[in-house]
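Me: I would like to learn how to read the features of a structure one at a time. Please take me through this one.

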Amino acid sequence: MQSGTTEPATPVIEIVINEELDAASVPRFAALLHEAVDLRPDNLVIDLTECPFVDAAAVGLLLDVHRRMFSHGGRLTLRSPGPRVSRTFRLARVDNVLNVQ
């Protein structure tokens, strides 16, 4: 008989972004998002309701977080991006890769 400890599952972690996600802010947000991914949640939800803008650096970060979540069986969900952010996702052609709700 083998005994071991199992870590409790973290079902959902939600993060609200209420400022621009751009090259200047990506390093700070990357640290936060990678810390959240390291907790291995089933679903990492990033609420973009109040995020006015994302740039290419932010799209790259979100793709990286998506890959890391997918690699351990988790899911990244981007919630309620505004029209400008949604347009950026469409132009970058990531709206079909990332789970945008």
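**Reading the fold**

Reply: Among contacts in the chain between residues at least 6 apart in sequence, 75% join residues at least 24 apart; contact means heavy atoms within 4.5 Å. This is a predicted model, in which local features need pLDDT of at least 70 and side-chain atom pairs count only at pLDDT 80 or more, while totals for chains, interfaces and linings use all residues. Residues are numbered from 1 along each chain as its sequence is written, and side-chain values use heavy atoms, with hydrogens and water left out.

Me: How many helices and strands are there in the chain?

Reply: Helices (H or I, at least four residues) and strands (E, at least two) are DSSP runs, numbered from the N terminus. The chain has 3 helices and 4 strands, and from the N terminus on its elements run β-α-β-α-β-α-β. The C-alpha trace spans about 55 × 25 × 20 Å along its principal axes.

Me: What share of the residues of the chain count as buried?

Reply: Buried means under 20% relative accessible area, exposed over 50%, and partly exposed in between (1.4 Å probe, protein chains only). By this rule 41% of the 101 residues count as buried. Strand β2 is mostly covered, with 5 of its 7 residues buried.

Me: In what order do the strands form the sheet?

Reply: Two strands pair if DSSP finds at least two bridges between them. Here 4 strands form an open sheet in the order β1-β2-β3-β4, and the pairing is parallel. β1 (10–16) and β4 (99–100) stand at the edges with a single partner strand each, so one side of each has no neighbour in the sheet. Between β1 and β2 there are 6 bridges in the parallel sense, and Ile-13 stands opposite Leu-44 in β2.

Me: Which residues is Pro-11 in contact with, leaving aside its neighbours within four places in sequence?

Reply: They are Pro-41, Asp-42 and Asn-43. Pro-11 belongs to strand β1 and is partly exposed at 48% relative accessibility.

Me: Is Thr-77 buried or exposed?

Reply: Thr-77, in strand β3, counts as buried because its relative accessibility is 3%. For its side chain the idea to apply is the polar contact, a pair of N or O atoms within 3.5 Å; within protein, one must be able to donate a hydrogen and the other to accept it, and residues adjacent in sequence count only if both atoms are side-chain atoms. Beyond its neighbours within four places in sequence, Thr-77 has contacts with Asn-43, Leu-44, Val-45, Ile-46, Asn-99 and Gln-101.

Me: What span does helix α2 reach from its first C-alpha to its last?

Reply: The expected span of a helix is 1.5 Å times one less than its number of residues. Helix α2 (residues 56–71) has 16 residues and reaches 23 Å, close to the expected 22 Å. At its start, a side-chain oxygen of Asp-55 comes to within 3.1 Å of the backbone nitrogen of Ala-57. Just after the helix, Gly-73 takes a positive phi of about 85°.

Me: Which residues of α2 are buried, and what do they pack against?

Reply: An α-helix has 3.6 residues a turn, so residues three or four places apart point the same way. In α2 the buried residues are Ala-58, Val-59, Leu-61, Leu-62, Leu-63, Val-65, His-66 and Met-69. These pack against α1 (26–38), β2 (41–47), β3 (75–79) and α3 (83–91).

Me: Where is Arg-40 found, and where is the place of Arg-93?

Reply: Most residues other than glycine have a negative phi. Arg-40, in the loop between α1 and β2, has a positive phi near 55°. Arg-93, in the loop between α3 and β4, has a positive phi near 60°. Arg-40 is partly exposed, with a relative accessible area of 48%, whereas Arg-93 is exposed at 71%.

Me: What sits over the ring of Phe-29?

Reply: A charge sits over a ring if NZ of Lys or CZ of Arg is within 6 Å of the ring centre and within 35 degrees of the ring normal. The charged end of Arg-28 sits over the Phe-29 ring, 4.9 Å from its centre.
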